[in-house]
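I'll jot down what I look up, one topic at a time.

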Amino acid sequence: MANHMNAAKDGAASKSLLGGAMIIAGTAVGAGMFSLPVVGAGMWFSYSLVMMIGVWFCMLVSGLLLLETNLHFEPGDSFDTLTRETLGNFWRIVNGLSIAFVLYILAYAYISGGGSIVNHSLEAAGIELPQSLAGLVFALGLAFIVFISTKAVDRITTIMLGGMIITFFLAVGNLLIDIDTVNLFSPDGESRYLPYMLAAIPFGLVSFGYHGNVPSLVKYYGKDANTIIKAIVTGTLIAFVIYVCWLMATMGNIPRSDFVDIIAQGGNMGVLVSALSDVMSSGWLTTMLTVFANLAVASSFLGVTLGLFDYLADLFGFDESRSGRLKTAAVTFLPPTVLGLLFPNGFLIAIGFAALAATIWAAIVPAMMAYKVRKLYPNSESFKVPGGTSVIAIVILFGVITGACHLLAMAELLPVYS
Ligand SMILES: N[C@@H](Cc1ccccc1)C(=O)O
């Protein structure tokens, strides 16, 4: 879903707790969610639940540690200032590069997922298109909105958000009623589960990524620690509930052995949605599910590429004129779109690499900065995450383990269900 940073910047929304929670949940829920049932198929539902609780906790705490650091600075100060002042230039550069990498690779993942889901939708309407072309249509259509203006993105993502909530509950609500509990708790297929968790952890991390919005919330609410804490806790809990419903809906309706086939076909969004459509009782609900998937990936694409657009305009010094915006649009959208044309099915691989980079700026660096800030201001009265240094150590360990899992999985040293 979109990252809604601009909603925060404009201060257009009312400054209610719910507004902040929606900004967080909106950023978190996105393409990562569509990877969860596929990469979780090996360990299946119960272990997925255990993993999601652990990842939720670590990503919540890392967001709060980031908030702790941010509150020692002025509202409006973001990663660049925070890292420079606490950890120095080396980490500032590493952090900046890892953010840019995540935004680029997610843009590509969304084009791959978007192409696959647009293709699935068109097939239902009787139109056959190569998937790479569907990805191109998806990317160009949405890139045009980002090119027009921030306001256009804001308006359209708000409409999409409303549509997503309605279609999610209609489609997933129906799937939840149809759940086969035997399927959920005593699945078929091979009898090995737990070892498959390791390769899935990075995908959990991406699904709970929202950390770029913590500085936006500080800018939005000012140094009102209590409200921001509540917004982060509520927002991540909303995402958690949506993911658990989603895992129950998918794993309670698609047999575990069927996932072998979904994975063999690349595990892209369209494949998963079409497997779900096959088990849904009515054509109308299938349409709702497809509409939801389209909206989810489109709004995420808008949110992420808008962040990338602003970042690159600033980096290259392109101005707000038509030709300036055209140049920014070219550097923002050309690389991921070309990749989407060349490799239309890299969705899962891209999400995995997003995790590798996100673990730096969404877990490890926030923990390191909080450690440093506590040394710099030992007598500060400002908000401090409870649990002392051990909590910082847990988050760093989580980040390092997640990165290691991704690298080991890439080197084919971890068991991957297939
Ligand atoms: N959580 C987002 C991706 C994301 C990661 C890190 C930061 C921001 C967004 C998704 O699932 O699509």
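Is Ser 48 buried or exposed? I checked this one before anything else. Ser 48 counts as buried because its relative accessibility is 3%, and the cut-off for buried is under 20%. One caveat for the whole page is that I'm reading a predicted model.

**Entry: Ser 48**

I placed Ser 48 in helix 4, which covers residues 44-70. Then I went looking for a partner for its side chain. A polar atom there lies 2.7 Å from the backbone oxygen of Trp 44. An α-helix has 3.6 residues a turn, so residues three or four places apart point the same way.

Next I listed the contacts of Ser 48, skipping neighbours within four places in sequence. That leaves Gly 40, Met 43, Leu 247 and Met 251. I also noted a C-alpha separation of 10.0 Å between Ser 48 and Tyr 193, which are 145 residues apart along the chain.

**Entry: Thr 236**

I find it in helix 12, residues 225-251. Thr 236 counts as buried because its relative accessibility is 1%.

What does the side chain of Thr 236 reach? I noted a polar contact of 3.1 Å with the side chain of Trp 56. A polar atom of the Thr 236 side chain also lies 3.1 Å from the backbone oxygen of Val 233. With neighbours within four places left aside, I have Thr 236 in contact with Ile 24, Trp 56, Leu 60, Phe 208 and Tyr 210. So Trp 56 turns up both in the polar contact and in the contact list, because a polar contact is a pair of N or O atoms within 3.5 Å and contact means heavy atoms within 4.5 Å.

**Entry: the ligand**

Which residues surround the ligand? I wrote down Thr 27, Ala 28, Gly 30, Ala 31, Gly 32, Leu 106, Tyr 110, Val 206, Ser 207, Gly 209 and Trp 361.

A ligand nitrogen is 2.9 Å from a polar backbone atom of Ala 28. For Val 206, a backbone N or O atom lies 2.7 Å from a nitrogen of the ligand. At Gly 32, a polar backbone atom is 3.0 Å from a ligand oxygen.

**Entry: nonpolar core**

I turned to the largest nonpolar core, which has 142 residues. The members that touch the most others are Met 33, Phe 34, Leu 67, Phe 208, Leu 217, Ile 232 and Tyr 243. Helix 15 gives this core the most, with 16 residues.

I followed up Met 33. Not counting residues up to four places away in sequence, Met 33 touches Phe 168, Ser 207, Ile 242, Tyr 243, Trp 246 and Phe 292.

**Entry: aromatic pairs**

How many aromatic pairs are there in the whole structure? My search gave 16. I opened Phe 138 and Phe 301 to start with. Their ring centres are 5.6 Å apart and their planes are at 65°, so I logged the pair as edge-to-face. The pair links distant parts of the chain, with Phe 138 in helix 7 (residues 131-148) and Phe 301 in helix 15 (residues 283-316), 163 residues apart. Both Phe 138 and Phe 301 are buried.

Phe 168 and Phe 169 also pair up edge-to-face, with centres 5.3 Å apart and planes at 85°. Their surroundings contrast, though. Phe 168 is buried at 4% relative accessibility, whereas Phe 169 is exposed, with a relative accessible area of 53%. I also traced a cluster joined by ring pairs: Phe 34, Phe 168, Phe 169, Trp 246 and Phe 292.

**Entry: cysteines**

I counted zero disulfides. Cys 58 is in none, and its nearest cysteine sulfur, that of Cys 405, is 12 Å away. A disulfide needs the two sulfurs within 2.5 Å. I have Cys 58 down as buried at 9% relative accessibility, and Cys 405 as buried at 5%.

Note on methods. Residues are numbered from 1 along each chain as its sequence is written. This is a predicted model: local features need pLDDT of at least 70, side-chain atom pairs count only at pLDDT 80 or more; totals for chains, interfaces and linings use all residues. Side-chain values use heavy atoms; hydrogens and water are left out. Buried means under 20% relative accessible area, exposed over 50%, partly exposed in between (1.4 Å probe, protein chains only). Rings of Phe, Tyr and Trp (its six-membered ring) pair if their centres lie within 6.5 Å; planes under 30 degrees apart count as stacked, over 60 as edge-to-face and the rest as tilted. Helices (H or I, at least four residues) and strands (E, at least two) are DSSP runs, numbered from the N terminus. A nonpolar core is a set of buried Ala, Val, Leu, Ile, Met, Phe, Trp, Tyr and Cys residues joined through side-chain atoms within 4.5 Å. A residue is near a molecule or strand if one of its heavy atoms lies within 4 Å of it. A polar contact is a pair of N or O atoms within 3.5 Å; within protein, one must be able to donate a hydrogen and the other to accept it, and residues adjacent in sequence count only if both atoms are side-chain atoms.
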